[in-house]
Amino acid sequence: MNHGNYAISLSDVVKWLGTSGERGIEIYPGFAAAKPLFDGDRVIGVQVQDRGVDKDGKPKPNFEAGPEIHAKCVIFGEGPRGSCTKEVIEKLG
Ligand SMILES: Cc1cc2nc3c(=O)[nH]c(=O)nc-3n(C[C@H](O)[C@H](O)[C@H](O)COP(=O)(O)OP(=O)(O)OC[C@H]3O[C@@H](n4cnc5c(N)ncnc54)[C@H](O)[C@@H]3O)c2cc1C
């Protein structure tokens, strides 16, 4: 059943991810992507979730608007219920 697939050690992958900074990769833990950004029918990045919002969605004194992150290539790895992925599929099929 698993012929042709890779069997990997998740500990090794996490160790390798930990050295991402050495390869010029920036990781933003704790910053959820709130919505995909489009230029026509191209995905050009994501807007990160606003921070400092109360339970009713109103800004608190520490409010910070979510910045836009643009990229040449955008890959969504949100799992089976990704909200951004859903929006991309709805818009671009
Ligand atoms: C109980 C259970 C047991 C399982 N057991 C096995 C097993 O033994 N062997 C096996 O091969 N598979 C197993 N699976 C299946 C396996 O876990 C999934 O197929 C796999 O994790 C999917 O990987 P993924 O990277 O697509 O998504 P995920 O592992 O779901 O990763 C998606 C990540 O994206 C993050 N994310 C989502 N939306 C956003 C957003 N907007 N902004 C920022 N981050 C976001 C989530 O927090 C999550 O960390 C199991 C699943 C479950 C639920």
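**Chatting through a predicted model**

Q: How many residues apart are Lys15 and Asp12 in helix α1?
A: Lys15 and Asp12 are three residues apart in helix α1, so about one helical turn separates them. One thing to keep in mind as we go: this is a predicted model.

Q: Good to know. What do the side chains of Lys15 and Asp12 meet in?
A: They form a salt bridge, with an N to O distance of 3.8 Å.

Q: And how many salt bridges does a search of the whole structure find?
A: The search turns up one.

Q: Let's switch to the ligand. Which residues are around it?
A: Happy to! The residues around the ligand are Ala32, Ala33, Gly77, Glu78, Gly79 and Pro80. Sorted by class, that shell has three nonpolar residues, two polar and one charged.

Q: Which polar backbone atom is 2.9 Å from a nitrogen atom of the ligand?
A: That one belongs to Ala33. A polar backbone atom of Gly77 also comes in, 3.3 Å from an oxygen atom of the ligand. From Glu78 it is a polar side-chain atom, lying 3.0 Å from a nitrogen atom of the ligand.

Q: Nice. How much of the ligand's accessible area does the protein cover?
A: The protein covers 21% of the 1,000 Å² of accessible area that the ligand has on its own.

Q: Back to Ala33, then. Where is it found?
A: Ala33 is in strand β1. With a relative accessibility of 33%, Ala33 counts as partly exposed.

Q: What is Ala33 in contact with, leaving aside neighbours within four places in sequence?
A: Its contacts are Val46, Gln47, Val48 and Cys84. As for Val13, which is 20 residues away from Ala33 along the chain, the two C-alpha atoms are separated by 23 Å.

Q: You mentioned Val48. Which strand is that in?
A: Val48 is in strand β2, which covers residues 42-48.

Q: Buried or exposed, that Val48?
A: Buried: the relative accessible area of Val48 is 6%, and buried means under 20%.

Q: What does Val48 touch, not counting residues up to four places away in sequence?
A: Quite a list: Phe31, Ala32, Ala33, Ala34, Gly66, Pro67 and Ile69. Take Phe31 as one of them. Phe31 and Val48 are 17 residues apart along the chain, and their C-alpha atoms are separated by 6.4 Å.

Q: New topic, Ser20. Where is it found?
A: Ser20 is in the loop between α1 (10-17) and β1 (33-39). Its relative accessible area is 3%, so Ser20 is buried.

Q: And its contacts, leaving aside neighbours within four places in sequence?
A: For Ser20 those are Ile25 and Ile27.

Q: Last one: what about the place of Ser83?
A: Ser83 is in helix α2, residues 83-92. Ser83 is partly exposed, with a relative accessible area of 48%. Between Ser83 and Pro36 there are 47 residues of separation along the chain, while their C-alpha atoms are separated by 9.3 Å.

Notes: Residues numbered from 1 in each chain as written. Predicted model: local features only at pLDDT ≥ 70, side-chain atom pairs only at ≥ 80, totals over all residues. Heavy atoms only, no water. Near = heavy atom within 4 Å. Polar contact = N/O pair within 3.5 Å; in protein donor to acceptor, adjacent residues only side chain to side chain. Areas by Shrake-Rupley, 256 points an atom, 1.4 Å probe, with all protein chains shown as cover. Nonpolar A, V, L, I, M, F, W, Y, C, P; charged D, E, K, R; others polar. Helix = DSSP H or I, 4+ residues; strand = E, 2+ residues; numbered from the N terminus. Buried < 20%, exposed > 50% of the residue type's maximum accessible area, 1.4 Å probe, protein only. Contact = heavy atoms within 4.5 Å. Salt bridge = Lys/Arg side-chain N within 4 Å of Asp/Glu carboxyl O.
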